[in-house]
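Visitor: I am new to this one. Could you take a close look at a single part, and then show me how the rest is laid out around it?

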Number of protein chains: 2
Amino acid sequence: MTSDPVLCVPSCEGPVRKALEVTGVTPVVASSGRLNEVAALEPPDGYAGAVINAAGFPFTEAMNLCRQLRHRERPVGPIILLLDHYQLDDLTFREDLFDDFVVGPFDVSELATRLRHRLRRAGNESVAPRIEHGGLSMNLETYQATIAGRVMDLTYMEYELLRFLATNPHRVFTRETLLSRVWGYEYYGGARTVDVHVRRLRAKLGEEHAHLIQTVRSVGYKFGSSGDHALADDDQSIGA
Amino acid sequence: MTSDPVLCVPSCEGPVRKALEVTGVTPVVASSGRLNEVAALEPPDGYAGAVINAAGFPFTEAMNLCRQLRHRERPVGPIILLLDHYQLDDLTFREDLFDDFVVGPFDVSELATRLRHRLRRAGNESVAPRIEHGGLSMNLETYQATIAGRVMDLTYMEYELLRFLATNPHRVFTRETLLSRVWGYEYYGGARTVDVHVRRLRAKLGEEHAHLIQTVRSVGYKFGSSGDHALADDDQSIGA
DNA sequence: GCGTTGTGTTAACCACGTGTGAAACCTCGG
DNA sequence: CCGAGGTTTCACACGTGGTTAACACAACGC
């Protein structure tokens, strides 16, 4: 195999294949069915990048796939999404899961250029997959989180929730948004679920750092130390 | 705390401006002439990113500009190129000079998505739709409001009311209109409710800025200091 | 099989935001 | 100067919404 292999999901046809050939990489088709079959497939390491055709597919499946590709021991290189135009909005708050995207109808030379761009850049960029914020440190590869040096062993959902909040600090999310973004599917009932997970997270953060997850009444939760609001301190508070 | 400035070269019109506004950053036009004028201009530091419209311009000029932006002591953030389709090939071997690109005709939401993507990836937090007016800044994603830099911590209804008033400055609203718009339903009695909330808002704005919400006797309230006398007239009110 | 661990649900408890009425205050016209 | 209509201010009761703990259940390992 002379040229670098690039993972194609779920298939590789038409302009996509042509673009890959023009770029000079070898397309490797991972699955010809649904997107979430790939995870089970667990292809060997050594891919230079991935092209995921999410157009016409359920978006959450594509995102789950991205997440899994990112979390492999030796993660696949840059991830490029192929999208329908209406899927653009779904990318919000998921910016960390992909590296570039193309909107259909797919243009061969644009796709090829983006591929080349990302592949070249992947060599130089040493993207430390790590989140640092207010004493919290999350290693995205080892699934470990430490607060002020102390290791907090989180469960899967706890980790995912904290990661989502911490990658978008200071931003308020409704419980519905959290359920759909972190849990990844439409959720019937159970908005309290978020509350409980937040409570558990706060417990594991310890009393000293519990305030890292803040409640915004009637809205939802957000991540961010109160140090940022140091100026706030409502000296003219109304009620009490 | 105003929204981050993004350098626009050579100009910022049409879909480009719209995309920047949607993204929540402030476009700053560096030059309205040729691309290479900007270098001489040497704009001050502090830009969150740059959008360079190379479409229709000599390509080498755009590349020179990129190079100079990259080599400043405190380099501008991510650089996004706007291109004509025929310019795609010129990008080869220059992948390090830019971070993303869009091919014309330019689509607002695609451009906005790319902007957000690269800004977020660059670790930029202050990419968010905002309202700015008379020292008041409201970040619609973090539910935070600051007046003259000081964080005012508002309750839910306070925030909603202030947001409504501030998004329609200089315009007078009757109490009934405010109730139906902000509270969101037909409200029986309780016109005093608005008064009280206005009072609480004025208290949190501080004596110095309390006048931002003005009373229009026997009509209602409006946001913004004097100057505009546009009479009440809720032409789009629901049930008045 | 059993115990363990992770996750979601339910319900009691409690705090705080919110709405209300009444009184004080202001503004304007007679 | 008075009175009426409007606005500001205050104190308090209520209910929504968040916290918390305890339980239910599935997945997994021993």
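Guide: A:P10 sits in the loop that links β1 (5-9) to α1 (14-23) in chain A. Here helices (H or I, at least four residues) and strands (E, at least two) are DSSP runs, numbered from the N terminus. The model is predicted, so local features need pLDDT of at least 70 and side-chain atom pairs count only at pLDDT 80 or more, while totals for chains, interfaces and linings use all residues. Residues are numbered from 1 along each chain as its sequence is written, and chains are lettered from A and ligands numbered from 1 in the order in which they are written.

The bond between A:V9 and A:P10 is a cis peptide bond, with omega about -5°. In chain B, B:V9 and B:P10 are also joined by a cis peptide bond, with omega about -5°. B:P10 belongs to the loop between β1 (5-9) and α1 (14-23) of chain B.

Two other loops of chain A hold residues with a positive phi. A:A148, in the loop between β8 (144-147) and β9 (150-152) of chain A, has a phi near 55° although it is not glycine. A residue is buried if 20 or more other C-beta atoms, placed from the backbone, lie within 10 Å of its own, exposed if 12 or fewer, and partly exposed in between. A:A148 has 13 C-beta neighbours inside 10 Å, so it counts as partly exposed. A:S218 lies between β11 (213-216) and β12 (220-223) of chain A, and its positive phi is about 65°. A:S218 is exposed, because 12 other C-beta atoms lie within 10 Å.

Helix α3 (residues 59-70) of chain A has twelve residues, which should span 16 Å at 1.5 Å a residue; its end C-alpha atoms are 17 Å apart, which agrees. The expected span is 1.5 Å times one less than the number of residues. Among the buried residues of α3(A) are A:M63, A:L65 and A:L69.

In chain B, four strands form an open sheet with antiparallel pairing, in the order β6-β7-β8-β9. Strands pair if DSSP finds at least two bridges between them. β6 (130-133) and β9 of chain B are at the edges with a single partner strand each, so one side of each has no neighbour in the sheet. Four bridges join β6(B) to the antiparallel strand β7 (residues 136-139) of chain B, and B:I131 is opposite B:M138 in β7(B). Helix α5 (residues 156-167) of chain B packs on this sheet and touches β6, β7 and β8 (144-147) of chain B. Residues are in contact if their C-beta atoms, placed from the backbone, lie within 7 Å.

The contact between the chains takes 25 residues from chain B and 27 residues from chain A. On the side of chain B that touches chain A, α4(B) gives the largest share, seven residues.

Technical notes:
Contact = placed C-beta atoms within 7 Å. Axes fitted to C-alpha atoms, helices over the stretch in contact; angles between N-to-C directions.
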